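Here is a short note for a colleague who has not seen this structure before. Please keep the view open while going through the points.

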Amino acid sequence: MRTVTVAALDALLRTRTDIHRGRAPGDALSTRSSGYAPLDAALPGRGWPTGAVTELLVERAGIGELSLLLPLLRELTGEEELDVALIAPPHTPFAPALANAGIVLERLLIVDPPTPDDALWAAERLLRSGRYAAVLLWASRTTPTRQRRLQLAAGDGGGIGIVYRAIGAAHDHSPVALRLALRIDAGALRVEPVKVRGGAGRAVELDRRLFDAPQGAPWPVTGGAARVRAPVPVVTALHPA
């Protein structure tokens with residue numbers, strides 16, 4: 001496991017110049033498949049918007065909110081050899097489960113910022129860089145202005161922005177492209193549209209067993225023994241130095 005200071009983030013970004021997928025203003029919003037046919041069928045464009053931000057409004061941590069993104073992360077890091085970043089995840093991701101799910105750890109960056117503002121800054125910086133195909137942010141505090149900045153940054157860089165927020169934020173204004181609420185309902189993960197740009201989505205239920213076997217969960221469910229990381233200013237790559 002390799003650890004460097006947050007101050008090294010700019011230098012890290014400057015080392016990668018091979019990924020840039022900008023999108024001209026006014027272009028139709030493109031998407032990538034979620035990896036779940038029922039979810040794709042329920043979303044306009046049949047997948048996660050690219051060059052845009054999606055908010056996932058989570059009922060509680062550990063219900064499958066990261067597992068929902070595993071097919072996308074597997075495709076990006078494995079098949080296409082692109083980099084992705086996780087910013088301020090609430091628990092330490094379980095590297096063996098991610099590897100068993102087909103995610104190439106050498107292409108996975110974890111940013112552990114000291115404050116919520118630093119987390120938002122890092123997400124904006126990485127999205128705008130065009131060098132990360134997907135940036136996942138767990139936002140404990142944000143504003144419509146900051147969300148708009150993230151949306152614009154994703155448009156500039158062409159990647160996929162995912163912002164996890166608490167379900168209570170569903171009533172807040174947010175200028176992002178897509179907002180979905182995630183809840184557990186009778187053992188299934190229920191995905192409900194809150195805001196859908198370009199059309200009306202519909203709710204869909206995904207069996208949680210799709211997430212748990214055979215690769216295991218990327219971190220324990222709520223109530224498990226997940227180790228909450230100390231808020232130290234580090235960037236961590238989940239592979240040997």
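1. Some ground rules come first. Buried means under 20% relative accessible area, exposed means over 50%, and partly exposed lies in between (1.4 Å probe, protein chains only). This is a predicted model, in which local features need pLDDT of at least 70, side-chain atom pairs count only at pLDDT 80 or more, and totals for chains, interfaces and linings use all residues. Residues are numbered from 1 along each chain as its sequence is written, and side-chain values use heavy atoms, with hydrogens and water left out.

2. Start with Thr54. Its relative accessibility is 0%, so Thr54 counts as buried. Thr54 sits in strand E4, residues 52-58 (strands, E, are DSSP runs of at least two residues and helices, H or I, of at least four, numbered from the N terminus). Leaving out residues up to four places away in sequence, Thr54 touches Trp48, Pro49, Gly161, Ile162, Val163 and Leu178. Contact here means heavy atoms within 4.5 Å.

3. Look next at two backbone angles. Arg46 is not a glycine, yet its phi is positive, near 60°. Arg46 lies in the loop between helix H2 (37-42) and strand E3 (48-49). Glu81, also not a glycine, has a positive phi of about 55°. Its place is the loop between helix H3 (70-79) and strand E5 (84-87). Glu81 counts as exposed because its relative accessibility is 51%.

4. Now the charged pairs. Side chains of opposite charge can pair when their charged atoms come close. A salt bridge is a side-chain nitrogen of Lys or Arg within 4 Å of a carboxyl oxygen of Asp or Glu. The structure holds 15 of them.

5. One of these joins Arg107 and Asp83, with the closest N and O atoms 3.0 Å apart. The pair links distant parts of the chain, 24 residues apart: Arg107 is in the loop between helix H4 (95-100) and strand E6 (108-112), and Asp83 is in the loop between H3 and E5. Asp83 counts as buried, because its relative accessibility is 7%.

6. Arg190 and Glu205 also meet in a salt bridge, at 3.2 Å from N to O. This pair, too, links distant parts of the chain: Arg190 in strand E10 (residues 188-196) and Glu205 in strand E11 (residues 204-207), 15 residues apart. At 25%, Arg190 is partly exposed. Glu205 is partly exposed at 41%.

7. Glu59 pairs with Arg60, the closest N and O atoms being 3.7 Å apart. Finally, which residues are linked in a network of salt bridges? They are Glu55, Arg165, Asp172 and Arg179.
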